[in-house]
Structures are given as C-alpha cells and as structure tokens.
Amino acid sequence: MTVPLLPGPLPLVEHFERGLAAPICLTWELTYACNLSCVHCLSSSGRRDPRELTTAEAAALIDEFERMQVFYVNIGGGEPTVRPDFWDLVDYAVDRRVGVKFSTNGIKITPEVARRLAGSDYVDVQISLDGATQPVNDAVRGPGSYRTAMRAMRALADAGFVGFKLSVVVTRQNASQLDDFAALAAEYGAQLRLTRLRPAGRGASVWHELRPTREQQRAVYDWLISHGENVLTGDSFFHLGGYGQGLPGLNMCGAGRVVCLIDPVGDVYACPFAIHDSFLAGNVRSDGGFARVWRESELFATLRGPQSGGACTSCSAYDACRGGCMAAKFFTGLPLDGPDPECVLGHGEALLERAAASQVAPPRPSPDHSHRTGPVPVTIGKRPSRACDESPLAGFTAR
Amino acid sequence: MSTNFQLDSPWCLDERVAVRPEPFGALLYNYGNRRLSFLKDPTVLTVVRSLADHPTARSACESAGVSTQAMPAYERALSTLARSAMIRERDGRG
C-alpha cells in the first residue's frame, strides 16, 4: 500500500476506522473440507459442511463483489482447491475483474495448473508452509505436507509464475528460520509473507505451546523492520508497534472496517480470526445479500464506532499498537478493551496468568469441522497371525 | 516509457487500474502489480480521472481547479501515483 497523498482533515486510518463502501481485504473460505489437519487451523477445518454455498450461490456472490467493486478476494478454506468447482469459480471471478488470491497447501498445483495460473494477472497463489525444514513443518501441518508444498512451488516456478506468495505462520518452532524462509522464497521466485499465530479455531488449543517467546517476538519485529516492504505481513503484527517504529502497513485492527470473512456456509464474520457467534454479522443468503451485511450490520456499526482503549488508554504505546488484536484477546479470555495477550510491554502476560488462575474457560471457537480423529472401533477382521498373510481371513477360525 | 512524472507531459490512468469512490476520496487498485493506493482528496480523484482528456497533467489539474500555489502538492501526489504505476505517460498520439 502506498502512503496517503495529500494532508486531509483526518488521518487515513481514522477514515478506515469508520468503514468503507466495500472491504479492502475480504477473505472467503470456500469450504471447510481439507486434506490436512493442521494443529493451528484458524477455521477448525477438515470436513465439508453440507450447507456450503452451491456453485450458483458462489457465482451470485462474485456478481455482488463485482457490483461493490471488491478488487480482489482472498480465497481460503479448508483447502479451497478440493472443491470440484474451484477453477470454474476462479475463472468466473476473473472474467468479472474480481481478482483472486487463493491460499493452498499445494495439493492440486500440478505443472499444468501452474501454467494456467501463471498466465493471469488476476490470480495470485499463496502456498502455506510453517517450517523451512520438513520436520518443523510437518509437526504442525501433518506428514507429507512439506513435500506437497515444495512440489507446488517447483511447479509454479517452472511455469514462470513470479511473485507468488510463500505464507508462514510464525511459531516458537520456526521463529529461528526466518532467513531460511526468505532464502526458500528467493529460490522459487516467491514473495515471503509472515503472519501472526492467532489463538483462533484449533489454534486456541495449541497457542500456548506454539506462540513465539517474548525474545522471539522481539527478534521477529527487528527482522521485519530490517526487511521492510519486501516481506508481506497482512498487517498482522501491528501489536508489535509498541517496540518503536511502526511496521509497514495500516497498523490498525481492520475487523469489520476494512476486513471481513465469509465462511463456507455464507456467514459473515468481522475477521478471519474471529469465527465465533460474538463476531457474526449476518449471512450472505439473507435479504440484501453480502452488501447489506457489510453496510448495515449492527456489529459492524459498533466496530466502526469509537472504540475504548480501556486499560490501555494511558499507555505511551497505545497510539502504536492500538490495543492489539481483538480476536487474540477474545479467545484467550482477556477483556477486549485491554492489552493484547502478547503486549510488548508485558501487560498481557499478567492478565493471562490471572485468567488462567480464575478457572474460567476462555470462549471456545465455534463452529468445528475437524476430522474426527478419535479411536474408531474395529468390529470386523483381526490382525493377521503372520506378517505375510494377505488374505483378510488369515488366522480367522469360524466357531 | 519513463515513470518520471512530468507535469507538462500527457498522462492517463493505467489500463489495469480500477477506481472505487469512497467517502474520503477513492481507492485505486492495480491488478498488474497488485498494489493499492488511496486518494485522500476528491480533487486528486477528479484529476486522475480526467488525465486522459487533457494534453498535459498540468492542464488536467488546472481544469480541476488546482491553484498555482497548490500545484506542487498535486505534482508530488501524481509522482507517487506514477511510481506505483497507477498512472502512466501517454504517447503523443494517445
């Protein structure tokens, strides 16, 4: 994003806080189905929801984006490319000048697909990878996921797709690999994107083990400052502004103001990290569709109104961090008008300890489409008595 | 084609740029380089939209009511837009 051009009566951020005619950054999760089961999945994806938007409904939503002049949508999931109509929907959007950037684990990015994607200005691809080495990545994203991502990046690079995104959630386990990620991105002609681990979805249950330590957090900030605009962050580290110089970007919470999320069943949430009834603004299937939810929802009106900094108002860093991330506070059980749980001045840590001691469970993310991975009772068959037995009846004796 | 902005050259909006009016001015998005720009001033929006109809950028500014004193600020604004490829120089025939 470029700088504001001329001095006006209000800083640009304050205009944005009052909301826009349409979102700048719209995330559309196309399906809850996913071939992976990443431990930190923001949307608790795994299984498809039978109520997901049909192809016709998805196309009608794209028509609405076109009318609202939504420049581009960030399509995610789940794994969006497992929807059989995914490529048709991408073409449909591009034909209407609605750009598409989609997030994928790479499972469907074959050389042929990569060549098609490389040919369009309107399509951008973001490959998710959470470790610069296979063990670090696969521990979070599952066995085989590193190899899948590498194969997809190779296909994109070979097809001449320059500048696709390599997207990394920064964790305690990979925070020391930032230079390695940058080298990987350079090797494949990609642009590196680093984002913050949020305690949302399944991420809520692993947040305490995966989140960077305070020392790592400081190192991430310094690293981002020294790499400037070459590394994308989706504005996700604005809570670190309190360290000093602000990071590139808007440095504000965009929830309901410039950002929103449409989930696979058409529910509209204030942001991709806040999939919970408390942040549900409406559904695109209701009268007036998405435009009406965006423009008239009571929740969004509240988010666009004056916000109280609460306990943070008197802090010298408040102008820089603006109290941090609403979703991070919500899912860790902290008050929304207080410090971020990862406040750089440490004000969040004390509150986290108090919240843990209070025995009051933080809000559970809703809904959950995780794969059912519990024990499956086996009712037929027996382990073969010898390893080389191939017959399913081996070792079975009828009584 | 140079991206060095010259007030006295012919300019136009880049073909890959979409303009969305907003209460504070407008948002510009270039599909080619995927960059977003903000116009915080309705007059800049008028200038940008009318560039193609004028022989020079200066003429577009004057026609939008930009005073001589204000011209340097608009020149800077248009230079920023040229650097991010939101506007481009037209060739003499265009």
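The exercises below, with worked solutions, concern a predicted model.

**Exercise 1.** State in which order the strands of the open sheet of chain A follow one another, and find which strands stand at the edges.

*Solution.* Step 1: the sheet of chain A has nine strands, arranged as β6-β5-β4-β3-β2-β1-β7-β8-β9, and their pairing is mixed. Step 2: the edge positions of chain A belong to β6 (191-196) and β9 (280-283); each has a single partner strand, so one side of each lacks a neighbour in the sheet. Step 3: on average, neighbouring strands of this sheet are turned by 25° against each other, direction ignored.

**Exercise 2.** Describe how β1 and β2 of chain A pair.

*Solution.* Step 1: β1 (residues 25-31) and β2 (residues 72-77) of chain A run in the parallel sense and share five bridges. Step 2: across from A:T31 stands A:G77 of β2(A).

**Exercise 3.** Which residues of α3(B) are buried, and where do they lie around the axis?

*Solution.* Step 1: helix α3 of chain B covers residues 71-83 and spans 18 Å between its first and last C-alpha, close to the 18 Å expected. Step 2: its buried residues are B:Y74, B:A77, B:L78, B:L81 and B:A82. Step 3: these lie on the same side of α3(B), because their arc around the axis is only 140°. Step 4: the elements of chain B they pack against are β4 (35-39), α1 (42-50), α2 (57-63) and β5 (87-89). Step 5: after α3(B) comes B:A85, with a positive phi near 60°.

**Exercise 4.** How many residues of chain A are in contact with chain B, and what kinds are they?

*Solution.* Step 1: 20 residues of chain A contact 22 residues of chain B. Step 2: on the chain A side, 12 are nonpolar, five polar and three charged.

Note on methods
Residues are numbered from 1 along each chain as its sequence is written. Chains are lettered from A and ligands numbered from 1 in the order in which they are written. This is a predicted model: local features need pLDDT of at least 70, side-chain atom pairs count only at pLDDT 80 or more; totals for chains, interfaces and linings use all residues. Two residues are in contact if their C-beta atoms, placed from the backbone, lie within 7 Å. Ala, Val, Leu, Ile, Met, Phe, Trp, Tyr, Cys and Pro count as nonpolar, Asp, Glu, Lys and Arg as charged, and the others, Gly among them, as polar. Two strands pair if DSSP finds at least two bridges between them. Helices (H or I, at least four residues) and strands (E, at least two) are DSSP runs, numbered from the N terminus. Axes are lines fitted to C-alpha atoms, for helices over the stretch in contact, and angles run from 0 to 180 degrees between N-to-C directions. The expected span of a helix is 1.5 Å times one less than its number of residues. A residue is buried if 20 or more other C-beta atoms lie within 10 Å of its own, exposed if 12 or fewer, and partly exposed in between; C-beta atoms are placed from the backbone. The arc is that of the directions from the helix axis to the C-beta atoms.
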